[in-house]
Amino acid sequence: MRENANSNPNLRQVPSTAKIEFRNVMKTFGSGAKRMLALNGINLTIEDGEFVSILGESGCGKTTLLRIAAGLIPPSSGSVLMDGVAVNKPGRNMGFVFQQSVLLEWRTILENILLPVEIFRLDAKAYRQKALDLLNMLGLAGFESHYPIQLSGGMQQRVSIARALIMSPTVLLMDEPFGALDAITREQMNSELLRIWSLSKTTAVFITHDIGEAVFLSDRVVLLGSRPGRVKEVFDIPLPRPRTPEHRYDARFIRLCRDMKHAMTA
Ligand SMILES: Nc1ncnc2c1ncn2[C@@H]1O[C@H](COP(=O)(O)OP(=O)(O)OP(=O)(O)O)[C@@H](O)[C@H]1O
Ligand SMILES: [Mg+2]
């Protein structure tokens, strides 16, 4: 595991490019007999521009970790820093894609994408062209006046990604965004996401319990163990970019998947 620079000052001789730092993050839910330790002592540094996946079995605390990073819930102790500043509420510099596509069914696709602009009380008209450009980039040109129900699951998740990108965030936090899609669509969305990520130059944190998806997308994969959630192992993914579907048949890809599977079940 890449140790947190703050736990050992000798580790980093060069100026830090840390974008996100988890410092000894702990989270409990409930109290008394119902108290449960969801996350324990998470230390992790994510570099600027890095694509990091958080991998782990159901219930190990992935969503909790991402919600803390997004400032949606506070840690019980420890902290998360973004650009060196403690996160305590959602900020404009972050885009969030939820586990389920949460589009507002009574709003058009364009109105859904512009929702964060309204939440931050900015001028929606000024962002209209940007929203249309994002739709175009995501292969959804012409769907701006449609309603979510008129789109397939994959198209709806692409709208969720457009909504997350509308404020040009420097960090994109994604919670199993493709979990509900069929295997073929999911692989297409993985390639699409990498294309968007390389264009937008964001730092990406991607939650999944799919090993192949984590390897395909990431620079590093952080494996969480469960009960309580903790960093079990961190894998570097030395596959070249741009990644293509052919990489999935590469011997190194297959070896990494096997190593992760073993580590997950160990
Ligand atoms: N608001 C909450 N109140 C009480 N317990 C919670 C709450 N949110 C999460 N938990 C508990 O914390 C643990 C981690 O939940 P979390 O949703 O982070 O897991 P996950 O890794 O995202 O799982 P999945 O892969 O199924 O989405 C679980 O045991 C869950 O029951
Ligand atoms: Mg989850």
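**Notebook: sheet, domains and ligand shell**

I began with the open sheet. Its 4 strands run in the order β2-β1-β4-β5, and the pairing is antiparallel. I then looked for the edges. They are β2 (36–47) and β5 (85–86), each of which pairs on one side only. I note here that this is a predicted model.

A reminder to myself on pairing: strands of a sheet pair through backbone hydrogen bonds, either parallel or antiparallel.

**Inside the sheet**

I followed β1 (residues 18–29) to β4 (residues 77–82). These two strands pair in the antiparallel sense over 5 bridges. I picked out two residue pairs. F22 has V80 in β4 as its bridge partner. I20 stands opposite M82 in β4.

Next came β4 with β5. Here I found antiparallel pairing over 2 bridges. L81 stands opposite A86 in β5. The hairpin of β4 and β5 has 2 residues between the strands, and D83 takes a positive phi near 50° there.

I moved on to β9 (residues 220–225) and β10 (residues 230–236). They pair in the antiparallel sense over 6 bridges. In this pair L224 stands opposite V231 in β10. The hairpin of β9 and β10 has 4 residues between the strands. Which residue takes a positive phi in this hairpin? I found R227, with phi near 50°.

R227 came up again when I checked the peptide bonds. The bond from R227 to P228 is cis, with omega near -5°. P228 sits in the loop between β9 and β10.

I placed P242 in the loop between β10 and α8 (251–265).

**Positive phi in two loops**

I looked up S168. Its phi is near 50°, positive in a residue other than glycine. S168 lies in the loop between α5 (153–165) and β7. Is S168 buried or exposed? I counted 12 other C-beta atoms within 10 Å, so S168 is exposed.

K201 was next on my list. Its phi is positive, about 55°, although K201 is not a glycine. I found K201 in the loop between α6 (183–200) and β8 (203–208). K201 is exposed because it has 10 other C-beta atoms within 10 Å.

**G71**

I turned to G71, which lies in the loop between α1 and β4. With 17 other C-beta atoms within 10 Å, G71 is partly exposed. What does G71 touch, not counting residues up to four places away in sequence? I wrote down V87, N88, K89, P90 and G91. I also checked G71 against G84. They are 13 residues apart along the chain, and their C-alpha atoms are separated by 14 Å.

**Ligand 1**

I listed the residues around ligand 1. They are F29, G30, A38, G56, S58, G59, C60, G61, K62, T63, T64 and H209. By class I get 3 nonpolar, 8 polar and 1 charged residues in this shell. Which helix gives the most to the shell? I found α1 (residues 62–69), with 3 residues.

**Two domains**

I took the domain assignment next. Domain 1 is 1–90 + 172–177 + 203–266, and domain 2 is 94–168. Their C-alpha centres lie 26 Å apart. Across the boundary, 9 residues of domain 1 are in contact with 9 residues of domain 2. On the side of domain 1 that touches domain 2, strand β7 (residues 171–175) gives the most, with 4 residues. I sorted the residues of that side by class and got 6 nonpolar, 1 polar and 2 charged.

**The whole chain**

I finished with overall figures. The protein has 8 helices and 10 strands. Its C-alpha trace spans about 50 × 45 × 45 Å along the principal axes. I checked the radius of gyration against the globule rule. A compact globule of 266 residues would have a radius near 18 Å; the protein has 19 Å, so the two agree. Buried residues make up 35% of the 266 residues.

Technical notes. Residues are numbered from 1 along each chain as its sequence is written. Chains are lettered from A and ligands numbered from 1 in the order in which they are written. This is a predicted model: local features need pLDDT of at least 70, side-chain atom pairs count only at pLDDT 80 or more; totals for chains, interfaces and linings use all residues. A residue is near a molecule or strand if its C-beta atom, placed from the backbone, lies within 6 Å of it. Ala, Val, Leu, Ile, Met, Phe, Trp, Tyr, Cys and Pro count as nonpolar, Asp, Glu, Lys and Arg as charged, and the others, Gly among them, as polar. The radius of gyration is taken over C-alpha atoms; the globule rule is 2.2 Å times the number of residues to the power 0.38. A residue is buried if 20 or more other C-beta atoms lie within 10 Å of its own, exposed if 12 or fewer, and partly exposed in between; C-beta atoms are placed from the backbone. Domain bounds come from an automatic or database domain assignment. Two residues are in contact if their C-beta atoms, placed from the backbone, lie within 7 Å. Two strands pair if DSSP finds at least two bridges between them.
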